[in-house]
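The following note sets out several points on the model shown below. Each point is intended to be read beside the coordinates.

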Amino acid sequence: MAVSAATTTSSAVETKSDAQFQPRNPRYSIRAADTFEVNFELSPEFNQVVTVQPDGFITLKGVGDIHVAGQTVPELTQTLGKAYDKILNDPLISVVLKDFERPYFTANGQLNHPGKYELRGNLTLTEAIAIAGGFNGDAKHSQVLLFRRVNDQWLSAKIFNVKHMLKQGDLGEDPMLRPGDQLFVPKNALSKIKPFIPNSGVGAYGQIAP
């Protein structure tokens with residue numbers, strides 16, 4: 001992912017780190033192509049396995065089409081309860097996810113092993129950088145961008161000074177990653193002018209590095 005591609009999506013970039021950028025332990029949200037079981041404790045004839053269509057709708061026995069994309073499992077259970085309450089008396093419903101998109105994050109830019117990684121459990125920004133092989137020699141540690149999708153058309157973004165966090169040993173501002181997050185590490189100023197510096201000037205690098 002290039003920075004230009006993200007910024008053209010009207011990203012709102014903030015330079016101040018925010019420890020509340022993401023709530024801890026977010027619930028999984030239903031999305032297109034997910035498959036789940038709907039079980040009725042008292043009316044097993046309505047038990048069914050459904051798949052979320054590309055438009056976010058599912059088709060249910062007896063009640064028809066309902067939009068469920070973006071809902072958590074508790075929210076989905078409540079939605080189904082309201083739908084079936086019209087034809088059943090106090091339905092007892094349980095939902096079990098069967099096939100769903102595994103949470104992931106992407107890491108791009110000046111990292112040793114950029115790519116797409118599975119997001120398992122609670123993972124912070126610095127931990128994600130480590131999983132992606134850490135910074136390479138051209139990385140600008142003080143301006144790591146974390147992009148997060150707000151909806152289908154908008155991205156939000158924040159800049160984190162990872163260099164300061166690690167130097168001060170203060171990881172209180174180290175944000176938790178959320179499924180689908182993208183982190184981008186830009187090049188430092190030195191890497192941009194390296195091609196114009198003769199080999200004999202290697203000794204001057206320490207004076208002009210940011």
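1. Helices (H or I, at least four residues) and strands (E, at least two) are DSSP runs, numbered from the N terminus. The model is predicted: local features need pLDDT of at least 70 and side-chain atom pairs count only at pLDDT 80 or more, while totals for chains, interfaces and linings use all residues. Residues are numbered from 1 along each chain as its sequence is written, and side-chain values use heavy atoms, with hydrogens and water left out.

2. Asp 174 sits in the loop between α4 (162-168) and β11 (182-185). Its relative accessibility is 9%, so Asp 174 counts as buried (buried is under 20% relative accessible area, exposed over 50%, partly exposed in between; 1.4 Å probe, protein chains only). The Asp 174 side chain makes polar contacts with the side chains of Thr 124 (2.9 Å) and Thr 126 (2.4 Å). A polar contact is a pair of N or O atoms within 3.5 Å; within protein, one must be able to donate a hydrogen and the other to accept it, and residues adjacent in sequence count only if both atoms are side-chain atoms.

3. Which residues touch the most other members of the largest nonpolar core? Of its 20 residues, these are Phe 105, Leu 111, Leu 125, Ile 129, Phe 135, Val 162 and Leu 183. At least two core residues each come from β7 (104-109), α3 (125-131), β9 (144-149), α4 and β11; α3 gives the largest share, 3 residues. A second, separate core has 18 residues, among them Phe 46 and Ile 66. A nonpolar core is a set of buried Ala, Val, Leu, Ile, Met, Phe, Trp, Tyr and Cys residues joined through side-chain atoms within 4.5 Å.

4. A salt bridge is a side-chain nitrogen of Lys or Arg within 4 Å of a carboxyl oxygen of Asp or Glu; the count by this rule is 3. In one of them, Glu 37 pairs with Lys 98, with the closest N and O atoms 3.7 Å apart. Because Glu 37 lies in strand β2 (residues 35-40) and Lys 98 in strand β6 (residues 93-99), the pair ties together parts 61 residues apart in sequence.

5. Asp 181 forms a salt bridge with Arg 148, the closest N and O atoms being 2.5 Å apart. Asp 181 is in the loop between α4 and β11 and Arg 148 in strand β9, so this pair links parts 33 residues apart in sequence. Asp 181 is buried at 1% relative accessibility, and Arg 148 is buried at 5%.

6. Arg 120 and Glu 118 also meet in a salt bridge (3.4 Å, N to O). Arg 120 is exposed, at 63% relative accessible area, whereas Glu 118 is partly exposed, at 42%.
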